[in-house]
Amino acid sequence: MDEHEILIVGGGNAGVSLAAKLLRQGVRDVALVESQAMHRYRPLLNYVGGGQATMASLERPASHVVPDGCTWIKDRVVSVDPSRPSVLTADGRRIGCRQLVVCPGLEEDWDAVPGMADAYRAGWAGSTFDVESAPHVWPALRRLSRGRVLFTVPPEPAPCGATALKPLTLACDRWRRRGVLQDLDVQLILPRQSPLGVPRADRVLESELSSYGVQVVRNAHVTGLDDHRVTVTSGGQAQEIDDVAFAHVVPHYRAPRWVVESGLAGSAAAGLVDVDPLTLRHRRHPAVWSLGDVADVATRPSGGALRKQVGVLAHNLTADDEASMQQYDGYTVMPITVGRRRLMLVEVNRDGRPAPSRRFPDLVRPRRATWAFDRYVLPKIYYRRILRGKV
Ligand SMILES: Cc1cc2nc3c(=O)[nH]c(=O)nc-3n(C[C@H](O)[C@H](O)[C@H](O)COP(=O)(O)OP(=O)(O)OC[C@H]3O[C@@H](n4cnc5c(N)ncnc54)[C@H](O)[C@@H]3O)c2cc1C
């Protein structure tokens, strides 16, 4: 059986950034299990769905992002033995380690909404959150000039779910400039009462949504799709929305099934890894750690949250004892466009209270500079600095 000092499962934002940071800190033996040949900067998917980016602009071969000095195991984990700890891969290899980090992200739960996968295949539904579907979203939205169009924000946990508002506002801006917005019935299904659950940011966003004439259905989620008809359920009451020309419906998410089957999950319904949200160490298995979308850290998942988590976990994996460990404060971020060149950046802590990374300027106020930073500067920082463990 191969053995490594630190074994990381999942080479997404979390796994690659952590591997790079650990190597920078002088850890000699870091191995990463990742089967996908292509790495994606997923925040740009929303700009693909809003006609402002191409798929090619967000993709890099995984071989370019796995850090030098890291052992890349091109395979997929199918189960974990947290007591030893070790993993079993799809190719039948058992790999052991001194410390195991579990960060495979979330998986789409297509079964959670009957008819959603069929509606995606038929092309009248889709979303920027699905890599196959994302390039088809803008062509579908931009050609609409009348009829009903539906958008959703997915229930938690979801990978930065609030950013599903980006394709909505980018499309509305386009329809308004083309003079067809008033002929479209645009509906938004929200899982909670307000778009973000952050009062000041919600006030700004609600006023933008009403300026576009968007009808908002609150405390609701999609429970079925069938032949251009969407079922939306709120408080146990189902309502049918008929004649939907296009539904930008984001799938629901859960942890990969092997997380639960390997005994890593806690009580969260989505099967998230049961870590101490402060230290990111597993509550029952001290040699197992987790971060990123799959970790139950009691805050909304995002790449921005990961920037903090990676620093904390890289420190804690090499800390001498529990007393010298760092703590993750629950910081997370929601960058939301409100028009084609304006973006509001909403930063909150674990309680949902504002946690701005800088006092001035006020980044909740939609600005062109913040949009330009999110669209053009952050992708460069991601590939040049974040994935190289320099942030
Ligand atoms: C459409 C969209 C827009 C977003 N916009 C933003 C934004 O604007 N700002 C922001 O901060 N965040 C945003 N996010 C969220 C951000 O992309 C995620 O929080 C981040 O990618 C999570 O990283 P992760 O490594 O935990 O998971 P992932 O990025 O999902 O990576 C998990 C990796 O694990 C691999 N894996 C899975 N299963 C296995 C297995 N069994 N064995 C081995 N490897 C496995 C996968 O192939 C994948 O490479 C967005 C996400 C999406 C989908």
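The questions and answers below walk through a predicted model of one chain, from its overall build to single residues.

Me: What radius of gyration does the chain have, and what would a compact globule of 391 residues have?
Reply: In this predicted model the chain is made of 10 helices and 21 strands, and its C-alpha atoms fill a box of roughly 65 × 45 × 40 Å along the principal axes. A compact globule with 391 residues would have a radius of gyration near 21 Å, and the value for the chain agrees with this. The radius of gyration of the chain is 21 Å.

Me: What percentage of the 391 residues in the chain is buried?
Reply: A residue is taken as buried if 20 or more other C-beta atoms lie within 10 Å of its own. Applied to the 391 residues of the chain, this gives a buried share of 49%.

Me: Among contacts between residues at least 6 apart in sequence, what percentage joins residues at least 24 apart?
Reply: The contacts considered here are those between residues that stand at least 6 apart in sequence. Of these, the share that joins residues at least 24 apart is 65%.

Me: How far apart are the C-alpha centres of domain 1 and domain 2?
Reply: The domain assignment divides the chain into domain 1, made of 2-106 and 255-324, and domain 2, which covers 108-252. In the contact between them, 18 residues of domain 1 meet 18 residues of domain 2. The distance between the two C-alpha centres is 30 Å.

Me: Which element gives the largest share of the side of domain 1 that touches domain 2?
Reply: There are 18 residues of domain 1 in contact with domain 2, and by class this side divides into 7 nonpolar, 7 polar and 4 charged residues. The largest share of the side, 3 residues, comes from helix 2.

Me: Which residues around the ligand come nearest?
Reply: The shell around the ligand draws at least three residues from each of domain 1 and domain 2, and it contains 16 nonpolar, 15 polar and 4 charged residues. Helix 1 (13-24), helix 2 (43-48), helix 9 (303-317) and strand 20 (332-339) each contribute at least two residues to this shell. Of the 35 residues around the ligand, those that come nearest are Gly10, Gly12, Gly105, Gly292 and Gly303.

Me: Which residue of strand 21 is the bridge partner of Thr337?
Reply: Strand 20 and strand 21 are joined by a hairpin through 2 residues, and 7 bridges hold the two strands in an antiparallel arrangement. Strand 21 (residues 342-348) is largely enclosed by the rest of the structure, because 6 of its 7 residues are buried. Within this pairing, the bridge partner of Thr337 is Leu343.

Me: Which strands are the edge strands of the open sheet of 5 strands?
Reply: The order of this open sheet is 10-17-11-12-13, with parallel pairing. An edge strand pairs on one side only, and this holds for strand 10 (125-126) and strand 13 (215-217).

Me: Which residue of strand 17 is the bridge partner of Ala125?
Reply: Strand 10 and strand 17 (residues 244-248) run parallel and are joined by 2 bridges. In strand 17, the bridge partner of Ala125 is Ala247.

Me: Where is Pro157, which a cis peptide bond joins to Glu156?
Reply: Most peptide bonds are trans. The bond that joins Glu156 and Pro157 is cis, with omega of about -5°. Pro157 lies in the loop between strand 11 (147-152) and helix 6 (165-178).

Me: What is the phi of Ala298?
Reply: Ala298 is placed in the loop between strand 19 (288-290) and helix 9, where it counts as partly exposed with 14 C-beta neighbours inside 10 Å. Although Ala298 is not a glycine, its phi is positive, at about 55°.

How values were computed: Residues numbered from 1 in each chain as written. Predicted model: local features only at pLDDT ≥ 70, side-chain atom pairs only at ≥ 80, totals over all residues. Helix = DSSP H or I, 4+ residues; strand = E, 2+ residues; numbered from the N terminus. Rg over C-alpha atoms; globule rule 2.2 N^0.38 Å. Buried ≥ 20, exposed ≤ 12 C-beta atoms within 10 Å, placed from the backbone. Contact = placed C-beta atoms within 7 Å. Near = placed C-beta within 6 Å. Nonpolar A, V, L, I, M, F, W, Y, C, P; charged D, E, K, R; others polar. Domains from an automatic or database assignment. Pairing = 2+ DSSP bridges.
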